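Visitor: I have a structure to look at and would like to be walked through it. Please keep to plain answers.

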Amino acid sequence: MGAKGRGGGRPSFQWYGADKAARAARSRALREAVRGGWNQHAVDLALLASDEPTLF
């Protein structure tokens, strides 16, 4: 049934990053860091607490 586009088969991509809970925790940490306005130091600390690599 996957060939007809009705579901089934394997997923279209494989996710190798953090799971959903880890991404949600990182998002909450970043949201809390900028709650009162942009604070670069707080943002850096929130990103460093995560195991996910950053672009820069």
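Guide: A helix here is a DSSP run of H or I with at least four residues, and helices are numbered from the N terminus. The model is predicted.

Visitor: Which helix does V43 lie in?
Guide: The secondary structure of the protein comes to two helices and zero strands. One of them is α2, which covers residues 40-48. V43 lies in helix α2.

Visitor: Is V43 buried or exposed?
Guide: A residue counts as buried when its relative accessible area is under 20%. For V43 the relative accessible area is 6%. V43 is therefore buried.

Visitor: Which residues is V43 in contact with, leaving aside its neighbours within four places in sequence?
Guide: Contact means heavy atoms within 4.5 Å. With the neighbours within four places in sequence set aside, the residues in contact with V43 are L30, A33, V34 and W38.

Visitor: Are α1 and α2 roughly parallel or roughly antiparallel to each other?
Guide: Two packed helices are described by the angle between their axes and the distance between the axes. The axes of α1 (residues 20-33) and α2 come within 9 Å and cross at roughly 170 degrees. Angles over 145 degrees count as roughly antiparallel. The two helices α1 and α2 are therefore roughly antiparallel.

Visitor: How many charged residues has the contact of α1 with α2?
Guide: On the α1 side the contact is made by R26, A29, L30 and A33, and on the α2 side by A42, V43, A46 and L47. Arg counts as charged, while Ala, Val and Leu count as nonpolar. By class, the contact has seven nonpolar residues, no polar ones and one charged.

Visitor: Which side chain does R35 meet in a salt bridge?
Guide: Side chains of opposite charge can pair when their charged atoms come close. A search of the whole structure finds one salt bridge. The N to O distance is 3.2 Å, and the partner of R35 is E32.

How values were computed: Residues are numbered from 1 along each chain as its sequence is written. This is a predicted model: local features need pLDDT of at least 70, side-chain atom pairs count only at pLDDT 80 or more; totals for chains, interfaces and linings use all residues. Side-chain values use heavy atoms; hydrogens and water are left out. Axes are lines fitted to C-alpha atoms, for helices over the stretch in contact, and angles run from 0 to 180 degrees between N-to-C directions. Angles under 35 degrees count as roughly parallel, over 145 as roughly antiparallel, 65 to 115 as roughly perpendicular and the rest as oblique. A salt bridge is a side-chain nitrogen of Lys or Arg within 4 Å of a carboxyl oxygen of Asp or Glu. Buried means under 20% relative accessible area, exposed over 50%, partly exposed in between (1.4 Å probe, protein chains only).
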